[in-house]
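The following note sets out points for a colleague who is reading the coordinates alongside the text.

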Amino acid sequence: MTERRTTPSPSTGAEETAMHPPTPSPPPSLRELFVGMLHVAFSAFGGGLSAWSQRIVVEQRRWMSNEEFLTGLTVARLFPGPNQINMAVYVGAFFHGLRGALVALAGMLLLPFTLLMVFGLAYFSLHTLPAIDRVLAGVVAAAAGMALSMGFKILGQYRRDPVALVLAAATLVAMEVFHVRLVPLVLVAGPLAMAWYWPRGGLPNPPQA
Amino acid sequence: MVLTLPLFHLVLQVVAPSDLASLAAALPGALSHGLVATASASASGAATAAAAVSQVPHCDPVRLNDLGHLVQVMGTFLGLSLFSLGGGNTLLSEYHHISVEQFCWLTPSQFADVYALAEAAPGPSSMLVGLLGMGAGWPEGPGWALLSAYGAELAILLPSTLLMVVACLHWNRMKDSPWRIAFERGLGPITLGILFAVGLKILRTADTNTPGVIVSLMVCLLMLRTRLSPLWFMAVAGLLGGLGVINR
């Protein structure tokens, strides 16, 4: 409850950007937003996007205070969708509402996606070449290791919550052994888990993200 | 493969396919369809896997040569968008199911390739969906492939992005709601379980030889213990692949 501090509303950002004294820089224009998000996307070549967006948005360009940024990260992680893309939406909407969200999203996606399409066309044309396939076999092994690390990365925060570990194990078994698909799994297990974790006694005490 | 496959075969043998089918029959409609399909797919997969692991399970690719199929591709991803918990990576198993088993747009090794490609490229790795769409349209030529790629990416991003805009505008009102707290705390452990399942799925799809599996495990460890860019791991592993140390 102590953390219920001056978390500003992104909705008021459009009209009242001058209201954020910890932000020394003036609010970015749409063009600056686009360029900033482009900068984030290309800095994070090979991962670590949210660390990079923090560095660029908060430290280098000083558009937002760290608190404002972290609030955005919480919202971005909570809601469905890729974190970095949600984060771009948050940063854009914070300053310019829906227009800002779209511009920030374009900055984050337009050039990287075009580049990926070039890679993709090259891949689908060339992947039958034995030399390419051999290199890809190695790259795929590294990528599999990256995928494997995703679960371990967030395992630590549930160490002291046996119920969470049981829920996670049951989810893993359901998918791995019984091949339950994602949508029915979330629709069944989600409400059960929500019921278990429903805040009791009117004392919201969420764990640290 | 020498290292991983016995493990997964064990899992498959412990749960006989017939058990799965009967279990699936007991479950309600939509759920059981998916289950039976995957159970039989994996059962036949297990039978052939011993002989030739990289053999593609036979199914007819769903062709993309008319707008109806494009609408189907987009509809599939539109429906999944709001289920991308935990940053979107939870959808990887579902992407694999859709593009390899359900519609046969890609072979398993192509799926592993485009996953690696999306991880290596700059920008959010969720742009993988664009590559899946490209794979779906590829047999009809590069033009269709690009159209289908943009359509698929648009479809997977649109619902979650719109929801995010709404969430930003109303965050102050919902941040102390019990619904939000229960959602955040309840869905976290489920996301954790899904991410482990996804990791195993990708590892199995990569389907490399023993040195490859060792490299995967080492990369996993290095990802957790160091802050090195994963591009280095990919470069070194790619070199090992080119030299023939890692193959599949």
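How many residues does the contact take from chain B, and how many from chain A? The points below begin with that contact; the model is a predicted one.

1. **The interface between the chains.** The contact draws 108 residues from chain B and 91 residues from chain A. On the side of chain B that touches chain A, two or more residues come from each of helix 3 (29–49), helix 5, helix 6, helix 7, helix 8, helix 9 (178–206), helix 10 (210–225) and helix 11 (230–242) of chain B. The most is given by helix 9 of chain B, with 23 residues. Divided by class, this side of chain B holds 69 nonpolar, 31 polar and eight charged residues.

2. **Chain A in outline.** Chain A contains seven helices and zero strands, and its elements follow the order α-α-α-α-α-α-α from the N terminus. Of its 209 residues, 43% are buried. Where contacts in chain A join residues at least 6 apart in sequence, 52% of them join residues at least 24 apart.

3. **Helix 7 of chain B.** Is this helix, residues 128–137, mostly covered or mostly open? Helix 7 of chain B is mostly covered, with 10 of its 10 residues buried. Among the buried residues are B:Leu128, B:Val129, B:Leu131 and B:Met134, as well as the glycines B:Gly130, B:Gly133, B:Gly135 and B:Gly137. The buried residues of this helix pack against elements of both chains: helix 4 (83–126) of chain A, and helix 4 (67–80), helix 5 (92–102), helix 6 (108–120) and helix 8 (142–174) of chain B.

4. **Packing across the interface.** Helix 4 of chain A packs on helix 7 of chain B at an angle of about 40°, and their axes are 10 Å apart. The two helices are therefore oblique to each other. Their crossing is right-handed. The contact is formed by A:Phe113, A:Leu116, A:Met117, A:Gly120 and A:Phe124 from helix 4 of chain A, and by B:Gly130, B:Leu131, B:Met134 and B:Gly135 from helix 7 of chain B. By class, the residues of this contact are six nonpolar, three polar and no charged.

5. **Packing within chain B.** Helix 7 of chain B also packs with helix 8 of chain B, at an angle of about 145° and with axes 7 Å apart. This crossing, too, is right-handed. From helix 7 of chain B, the residues that meet helix 8 of chain B include B:Gly130, B:Leu131 and B:Met134. Among their partners in helix 8 of chain B are B:Trp144, B:Leu147, B:Gly151, B:Glu153 and B:Ile156. The residues of this contact comprise 11 nonpolar, five polar and one charged.

6. **The largest nonpolar core.** This core has 129 residues. Those with the most contacts inside it are A:Val89, A:Ala104, A:Val140, A:Ala142, A:Ala143, B:Val114 and B:Ala116. Helix 4 of chain A gives the most to the core, with 21 residues. With residues up to four places away in sequence left out, A:Val89 touches A:Ala101, A:Ala104 and A:Leu105 in chain A, and B:Thr161, B:Met164, B:Val165 and B:Cys168 in chain B.

7. **B:Ala206.** This residue lies in helix 9 of chain B. B:Ala206 is buried because 32 other C-beta atoms are within 10 Å, the cut-off being 20 or more. Neighbours within four places in sequence aside, B:Ala206 contacts A:Val140, A:Ala141, A:Ala144, B:Ala112 and B:Ser216.

8. Most residues other than glycine have a negative phi. Which values do A:His179 and B:Cys104 take? Phi of A:His179 is near 55°, and that of B:Cys104 is about 55°. A:His179 sits in the loop between helix 6 (162–176) and helix 7 (182–196) of chain A, whereas B:Cys104 is placed in the loop between helix 5 and helix 6 of chain B. A:His179 counts as buried because it has 21 C-beta neighbours inside 10 Å. B:Cys104, with 18 C-beta neighbours inside 10 Å, therefore counts as partly exposed.

How values were computed. Residues numbered from 1 in each chain as written. Chains lettered and ligands numbered in written order. Predicted model: local features only at pLDDT ≥ 70, side-chain atom pairs only at ≥ 80, totals over all residues. Buried ≥ 20, exposed ≤ 12 C-beta atoms within 10 Å, placed from the backbone. Helix = DSSP H or I, 4+ residues; strand = E, 2+ residues; numbered from the N terminus. Contact = placed C-beta atoms within 7 Å. Nonpolar A, V, L, I, M, F, W, Y, C, P; charged D, E, K, R; others polar. Axes fitted to C-alpha atoms, helices over the stretch in contact; angles between N-to-C directions. Parallel < 35°, antiparallel > 145°, perpendicular 65-115°, else oblique. Left-handed = near helix turned anticlockwise from the far one by under 90°. Core = buried A, V, L, I, M, F, W, Y, C linked by C-beta atoms within 7 Å.
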